[in-house]
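Reader: I have a sequence and a model open on my screen, and I would like to walk through them with you. Could you take my questions one at a time?

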Amino acid sequence: ADGNEAIIDYFGNTGWGTSGNLIFKGKFLYGPAKYGGGMGGGGSIFKAGLDPFHKVKKEFAFGSDTSGGVTPNPGLLRVGNGFYGTTEFGGASNQGAVFKITP
């Protein structure tokens with residue numbers, strides 16, 4: 001509110017290339033990282049606490065099996081307890097996929 005920024009945490013190996021919006025659920029923010037996040041480096045969905053004591057953590061990683069999609073982009077949509085999103089690549093014809101995760 002006062003115009004100052006505060007770093008909560010850094011991403012490290014949780015993924016990089018964040019894109020799109022953040023979703024607030026419980027005491028955490030969730031969002032997509034387009035790259036990294038695990039084996040295959042297909043991106044991840046991360047969660048971050050709102051204070052410095054909660055580190056950024058990987059909630060879900062998109063792996064080297066591209067059938068379910070890789071490179072989540074541009075953001076997430078919360079419906080009930082689940083988060084829906086799209087990927088840039090992967091799926092049946094490597095033209096992207098729609099996914100749902102339930103953190």
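Reader: In which sense do S4 and strand S5 pair, and over how many bridges?
Author: Happy to start there, with two notes on the ground rules. This is a predicted model, in which local features need pLDDT of at least 70 and side-chain atom pairs count only at pLDDT 80 or more, while totals for chains, interfaces and linings use all residues. Residues are numbered from 1 along each chain as its sequence is written, and side-chain values use heavy atoms, with hydrogens and water left out. Strands here are DSSP runs (E, at least two residues), numbered from the N terminus, and two of them pair if DSSP finds at least two bridges between them. Phenylalanine 46 sits opposite lysine 58 in S5, and S4 pairs with S5 (residues 57-61) in the antiparallel sense, over four bridges.

Reader: How many bridges join strand S3 to S4?
Author: Strand S3 covers residues 28-35 and runs antiparallel to S4. One place to look is alanine 33, which stands opposite serine 44 in S4. The number of bridges joining S3 to S4 is six.

Reader: How many of the residues of strand S4 are buried?
Author: Buried means under 20% relative accessible area, exposed over 50%, and partly exposed in between (1.4 Å probe, protein chains only). Ser44, Phe46 and Ala48 point one way from S4, Ile45, Lys47 and Gly49 point the other way, and all are buried. Strand S4 (residues 44-49) is therefore largely enclosed by the rest of the structure, with the buried count at six of the six.

Reader: In what order do the three strands of the open sheet come?
Author: The pairing in this sheet is antiparallel, and the order is S6-S7-S8. S6 and strand S8 (98-101) each have a single partner strand, so one side of each is left without a neighbour in the sheet. Neighbouring strands are turned by 30° against each other on average, direction ignored (axes are lines fitted to C-alpha atoms, and angles run from 0 to 180 degrees between N-to-C directions). To repeat the order you asked for, it is S6-S7-S8.

Reader: Which residue in S8 is the bridge partner of glycine 85?
Author: Strand S7 (residues 82-89) runs antiparallel to S8, and four bridges join them. Within S8, the bridge partner of glycine 85 is phenylalanine 99.

Reader: How many aromatic pairs does a search of the whole structure find, and what kind is the one between tryptophan 16 and tyrosine 35?
Author: Rings of Phe, Tyr and Trp (its six-membered ring) pair if their centres lie within 6.5 Å; planes under 30 degrees apart count as stacked, over 60 as edge-to-face and the rest as tilted. The search finds four aromatic pairs. Tryptophan 16 and tyrosine 35 lie 6.5 Å apart centre to centre, with 35° between the planes, and their pair is tilted.

Reader: How far apart in sequence are the parts that this pair ties together?
Author: Tryptophan 16 lies in strand S1 (residues 16-18) and tyrosine 35 in strand S3. At 52% relative accessibility tryptophan 16 counts as exposed, whereas tyrosine 35, at 35%, counts as partly exposed. The parts tied together are 19 residues apart.

Reader: Which residue does a cis peptide bond join to asparagine 73?
Author: Omega for this bond is about 10°.

Reader: Is threonine 71 buried or exposed?
Author: Threonine 71 is also found in strand S6. Its phi is near 65°, a positive value in a residue other than glycine. At 8% relative accessibility, threonine 71 counts as buried.

Reader: Where does asparagine 94 lie?
Author: Asparagine 94 has phi near 55°, a positive value in a residue other than glycine. At 46% relative accessibility, asparagine 94 counts as partly exposed. Its place is the loop between S7 and S8.

Reader: What separation do the C-alpha atoms of lysine 25 and asparagine 81 have?
Author: Lysine 25 belongs to strand S2 (residues 23-25) and is buried, with a relative accessible area of 15%. Along the chain, lysine 25 and asparagine 81 are 56 residues apart, and their C-alpha atoms are separated by 8.8 Å.
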